[in-house]
Amino acid sequence: MPRAGLSRDAVVALTVELLDADPHAPITLAAVASRAGVAVPSLYKHVRSLDELRDAVAVVGVTRLADAVADAVAGASGRAAFRAAGRAIRAEARAHPGLYLASQPAPGREASAELLAAGERAVALLAGVVRREGLLAAREVDAVRIARAAVHGFVLLEAAGGFGLPDDVDASFDRLLDVVWAGFAELG
């Protein structure tokens, strides 16, 4: 029986639900159609292609990450803001690992204006957090990339069970953030 009320937003929400249910499953129109209780061709009334669906899902993920960072850093500055941003990204990635992974590729030429805008907002938020006295404006992109790479690498290793030693993983994450923050001085 076809699902009543199916819309583009509903198709995207169903896809996000699928990613939450199985973070490692690929996004497919067949899986989304099955979840919606419709045939695959019915989805084309709401999304033109799998690429468009992936783009829309990435918008959701990037927006959630940016919102989490914005909320976490409100009223904070310096190292405290950087720690709060890193923790917010990690928390969002842990809560929604499939959506987090679906949001990671940088938007390409085929990305929607909505995804490009969401990505620009997320980068601008992180750029605002990594700014510090002595950091050259020309090195801001490097600082954002370093921060993303450090947090993303930690999140991926943690998700894969890569931290088997009994030491406190949260404390290690905070130390990672402190080391990265201190390293930004080298970019000055």
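Helices (H or I, at least four residues) and strands (E, at least two) are DSSP runs, numbered from the N terminus. By that rule the chain holds 9 helices and 0 strands, and its pattern along the sequence reads α-α-α-α-α-α-α-α-α. The model is predicted, so to speak of local features takes a pLDDT of at least 70 and side-chain atom pairs count only at pLDDT 80 or more, while totals for chains, interfaces and linings use all residues. Residues are numbered from 1 along each chain as its sequence is written, and side-chain values use heavy atoms, with hydrogens and water left out.

Taken along the principal axes, the C-alpha atoms fill a box of roughly 60 × 40 × 25 Å. Of the 188 residues in the chain, 38% are buried, where buried means under 20% relative accessible area, exposed means over 50%, and partly exposed lies in between (1.4 Å probe, protein chains only). Contact means heavy atoms within 4.5 Å. Among the contacts in the chain with a separation of 6 or more, 70% join residues 24 or more positions apart.

Two annotated stretches come from the UniProt record. UniProt positions are given in the numbering used here, feature names are shortened, and annotations may be inferred rather than shown by experiment. The annotation "domain: HTH tetR-type", from an unreviewed entry, covers residues 5-65. Over residues 5-65 the chain is 69% helix and 0% strand, and the end C-alpha atoms of this span are 28 Å apart. For "DNA-binding region", again in an unreviewed entry, UniProt lists residues 28-47. That span is 60% helix and 0% strand, with its end C-alpha atoms 12 Å apart.

The loop between helix 1 (8-21) and helix 2 (29-36) contains His24. His24 counts as exposed, at 70% relative accessibility. In sequence His24 and Pro97 are 73 residues apart, and in space they are 8.6 Å apart, C-alpha to C-alpha.

The packing of helices comes next. Two packed helices are described by the angle between their axes and the distance between the axes. Here axes are lines fitted to C-alpha atoms, for helices over the stretch in contact, and angles run from 0 to 180 degrees between N-to-C directions. Angles under 35 degrees count as roughly parallel, over 145 as roughly antiparallel, 65 to 115 as roughly perpendicular and the rest as oblique.

The axes of helix 4 (residues 50-73) and helix 7 (residues 113-130) cross at roughly 25° and come within 9 Å. Helix 4 is therefore roughly parallel to helix 7. The crossing of helix 4 past helix 7 is left-handed, a term used if the near helix is turned anticlockwise from the far one by less than a right angle, with right-handed used if clockwise. On the side of helix 4 the contact includes Ala58, Val62, Ala66 and Val73, and on the side of helix 7 it includes Leu115, Ala118, Ala122 and Leu125. The residues of this contact divide into 12 nonpolar, 2 polar and 4 charged. In this grouping Ala, Val, Leu, Ile, Met, Phe, Trp, Tyr, Cys and Pro count as nonpolar, Asp, Glu, Lys and Arg as charged, and the others, Gly among them, as polar.

Helix 7 also meets helix 8, with axes that come within 9 Å and cross at roughly 100°. The two helices are therefore roughly perpendicular to each other. Val123, Leu126, Ala127 and Val130 of helix 7 make the contact with Glu140, Ala143, Val144, Ala147 and Arg148 of helix 8. These residues divide into 7 nonpolar, no polar and 2 charged. Glu140 is found in helix 8 (residues 140-159) and is buried, with a relative accessible area of 18%. Residues up to four places away in sequence aside, Glu140 touches Ala127, Val130 and Arg131.

Helix 5 (residues 78-95) carries Arg87, and Arg90 is found in helix 5 as well. Arg87 is partly exposed, with a relative accessible area of 39%, whereas Arg90 counts as buried at 6% relative accessibility. Leaving aside neighbours within four places in sequence, Arg87 is in contact with Phe173, Asp174 and Leu177. With the like exclusion, Arg90 touches Phe154, Val155, Glu158, Val169, Asp170 and Phe173.
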